Amino acid sequence: MDFHPTEEQNAAAGLAARIFRDLATHERLAAAGTGSDAELWKALTSAGLTAAVEEVGLLGLVLLLEEQGRTTAQVPYAATCAYGILPVAAHGSPAQRAALLPALGSGEAIATGAFPDRGRITATPDGRLTGTAPAVPWLRDATHVLVPDARRALWLVRTDAPGVTTAPVETTAPWSAGRLTLTGAAAEGLGGEDAYERVLAGARTAFAGLQAGVCAGSLARAVEYTSTREQFGRPLSTNQGVMLRAADAYMDTEAIRVTAYEAAWRIDEGLGAREHVLTAAWWASEAGKRVVHTGQHLHGGMGADLDHPVHRHFLWGRQLDAYLGCGSALLAELGDTLAATQEESA
């Protein structure tokens, strides 16, 4: 295993860090509310950071999403890459790649996914979809939705197509989410039998990388606050209880990061990664929840202020916990996977 980023991955992550740091400020995020920051999205796509994902791979995307997570930037970056660029590049036909990849890379098109499959959407043999996905992230911005049907076949649906209805939905984090209702909507198939599992694995890994950044940003804010805030004549950071909680949060954050890196690296290398993806998702869900709670608690009364920047990390961390599938469900899936692997090798 070699988790050292390539020169291209490092360059992309460095550029992303500068753009997010400069534009995803607390004031701009507060002004965006539940919507996307159009100026920031334009800056990312103009810099080639969306199109670059096809070249830097899933590990590169994890690095880029860490930078987004540090600032909780309000753009549909994770969704467009995890449910648009990477699936189309890997599973699309030549015509689909030619039509969609340039538009997704330039920001002209925005993708999201109605994942994971809940068996709510059915498809006819000629590609007409019917059903509902109750909460799809960044749906209000999307031009295309990647939809798995009850048989886990993948379909691309345009949000402006006849038979497609979207309605705003408020989630824990302000992700411009929406309810997707399909009534005989025309769709275009994507990939073969294994496409669903591969896309789900990539998306789980990508969102685990996003959680690593959210946790790192939350912890950085807590460290800064406890280092400057004084009580009884000394900084809060000198309190042993504060140091222990911060240390635990740091270890959790590193566990999220390294398991996401491993899963992404294995997928990029074409190696088996199912249990590694579930492990990364579990750490992101369970440990991520602990870290953002710690970040908020270490701010004391300030952490209860809904307008404080650390509260946004708390909301994103809890939303990612739910979106990844919650720790207990992921652990059960991991157990089933390990049991099946043992049976096959017996």
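**Disulfides, burial and strand pairing**

Modeller: The count of disulfides comes to 0. Bear in mind that this is a predicted model.

Colleague: Is Cys 215 buried or exposed?

Modeller: Buried. The cut-off is under 20% relative accessible area. Cys 215 has 0%, so it counts as buried.

Colleague: What makes Cys 81 buried?

Modeller: Its relative accessible area is 0%. Buried means under 20%, so Cys 81 is called buried.

Colleague: Why is Thr 71 called buried?

Modeller: Set the value against the cut-off. Thr 71 has a relative accessible area of 15%. The limit is under 20%, so Thr 71 is buried too. Thr 71 is found in helix H4, residues 53-71.

Colleague: Which residues is Thr 71 in contact with, leaving aside neighbours within four places in sequence?

Modeller: Phe 20, Ala 24 and Leu 29. Contact here means heavy atoms within 4.5 Å.

Colleague: Now the strands. Why do S3 and S7 count as paired?

Modeller: Pairing takes at least two bridges. Strand S3 (residues 128-136) and strand S7 (residues 178-186) have 7, so they pair. The sense is antiparallel. In this pair, Thr 132 has Thr 181 of S7 as its bridge partner.

Colleague: What makes S6 and S7 a pair?

Modeller: The test is again at least two bridges. Strand S6 (residues 164-168) is joined to S7 by 5, in the antiparallel sense. Here Ala 167 has Arg 179 in S7 as its bridge partner.

Colleague: How do you know that S1 pairs with S4?

Modeller: 3 bridges join S1 to strand S4, residues 144-148. At least two are required, so the two strands pair. They run parallel. Thr 112 stands opposite Val 145 in S4.

Colleague: What is the strand order in the open sheet of 4 strands?

Modeller: S1-S4-S5-S8, with mixed pairing.

Colleague: Why are S1 and S8 called edge strands?

Modeller: Strand S1 (111-113) and strand S8 (188-190) each pair on one side only. From one strand to the next, the twist averages 30 degrees.

Colleague: Which strands does helix H7 lie across?

Modeller: S4, strand S5 (154-158) and S8. Helix H7 spans residues 195-228 and runs at about 70 degrees to S5.

Definitions and conventions. Residues are numbered from 1 along each chain as its sequence is written. This is a predicted model: local features need pLDDT of at least 70, side-chain atom pairs count only at pLDDT 80 or more; totals for chains, interfaces and linings use all residues. Side-chain values use heavy atoms; hydrogens and water are left out. Axes are lines fitted to C-alpha atoms, for helices over the stretch in contact, and angles run from 0 to 180 degrees between N-to-C directions. A disulfide is a pair of cysteine sulfur atoms within 2.5 Å. Buried means under 20% relative accessible area, exposed over 50%, partly exposed in between (1.4 Å probe, protein chains only).
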